[in-house]
Amino acid sequence: MLLDTGNFTDNPTEAGDLRTAKLLESMKTLGYKAINVGERDLNLGYDDFKKRTEALGLTFISTNIVKQGTKETVFPPYKIVEVKGTSGKPVRVGVLGVDRYSPVWQKAGPAGTNLGMAAPADMIATYLPEVRAKSDVVVLLAALSKDDAHELAKRFTDLDLVVGAYGGIYNTVEETEGRIGIYYTGNQGKRIGESRINLDAKSRVADVTTYLHFLTIHYPEDKAMQDSIADILAKLPKTDPPKKAELLQKQAEAAAAPAAAGGH
Amino acid sequence: MISRRFRLRWMIPVALLIAGIASAQAPAPPVAPPAAPAAPAAAPNVPRTLDVPDGALVAAGKAPELDVLYTGDVIGFIEPCG
């Protein structure tokens with residue numbers, strides 16, 4: 001079961017839009033079950049977001065993006081995903097998603113409204129009880145700092161797992177708050193987290209074993225996906241200064257630290 | 001009348017004699033049993049690494065009931081990044 005914590009959107013340029021569209025299409029192909037809407041995914045407002053995503057059939061959620069000045073969410077605040085467990089029994093996974101709190105964040109919302117960011121804790125407190133009641137496993141997608149994630153896990157002990165991304169921060173070792181695992185995957189798709197979960201007789205989480213896969217060249221390419229991406233790269237404008245500058249900087253960093261070099 | 005000096009003259013040797021007898025009759029202080037081997041120090045609470053063991057691409061072991069995979073902050077990266 002694949003999840004994403006959001007902020008998948010590239011810069012709003014011609015090339016950036018092509019990349020974002022291809023990325024979303026690939027996420028659909030890979031079968032992502034729920035995606036948190038990040039701040040940068042709404043850089044151009046709600047209508048633009050809907051235009052870019054509505055044909056894909058992906059599930060976007062946000063527990064704390066609201067109509068400004070209200071507690072009314074504009075995306076589904078959570079998703080209950082039912083998957084078939086290895087034993088053959090159905091497993092219900094409740095997924096919530098939050099972004100960092102910002103009282104000044106504001107974007108154009110639907111039908112002339114504005115979007116605002118409610119405090120994650122307030123909104124989790126609102127929705128967690130019903131998510132818990134409907135789920136065997138509850139996962140929080142966190143697009144906020146790891147310190148904030150710990151605070152949330154400390155307060156909301158009905159969560160089972162917090163997975164997050166916030167800049168380049170990623171885990172190298174297990175990290176927990178009480179019984180709740182907190183795992184960050186870094187950025188730019190270089191790493192993918194994997195949590196292997198077993199349930200007890202009451203269908204509650206019995207144990208979780210987590211790995212973080214660093215997607216170096218040792219991981220084989222998927223030929224169909226590679227060809228599909230090559231097609232889009234060929235269509236990119238020849239110059240895309242922001243992205244090119246980023247790549248050059250990374251190449252320089254990799255050259256300076258060959259032991260840590262890797263690709264994806 | 002017994003002079004003070006006379007009393008001291010006898011009291012000190014008698015006191016020493018009594019103390020000597022008492023100490024001879026007192027049970028010897030118990031000999032400490034040989035120290036048990038020291039318990040090994042508790043292993044430091046080192047968190048488990050998230051690396052896949054043995055440099056494998058996928059961790060070995062029994063398939064879990066549920067396998068959750070997750071990404072984030074991909075910001076449009078679809079090509080190799082160095």
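Predicted model: local features only at pLDDT ≥ 70, side-chain atom pairs only at ≥ 80, totals over all residues.
**Ground rules.** I number residues from 1 along each chain as its sequence is written, and chains are lettered from A in the order in which they are written. Local features need pLDDT of at least 70, and side-chain atom pairs count only at pLDDT 80 or more, while totals for interfaces use all residues.

**The interface.** I looked up contacts (heavy atoms within 4.5 Å) and found 32 residues of chain B touching 65 residues of chain A. Next came the buried area, meaning the accessible area (1.4 Å probe) that two parts lose on being put together, summed over both. The figure is about 4500 Å², with carbon and sulfur atoms giving 58%. On the side of chain B, the residues losing the most area are B:L50, B:E65 and B:Y70, together 20% of what that side buries.

**Charges.** I checked for salt bridges (a side-chain nitrogen of Lys or Arg within 4 Å of a carboxyl oxygen of Asp or Glu), and two cross the interface. One of them joins A:E174 to B:R48, with the closest N and O atoms 3.3 Å apart.

**Strands.** Strands pair if DSSP finds at least two bridges between them. A:L3 has B:Y70 as its bridge partner in β1(B), and A:L3 stands opposite A:A34 in β2(A).

Terms used. Heavy atoms only, no water. Helix = DSSP H or I, 4+ residues; strand = E, 2+ residues; numbered from the N terminus.
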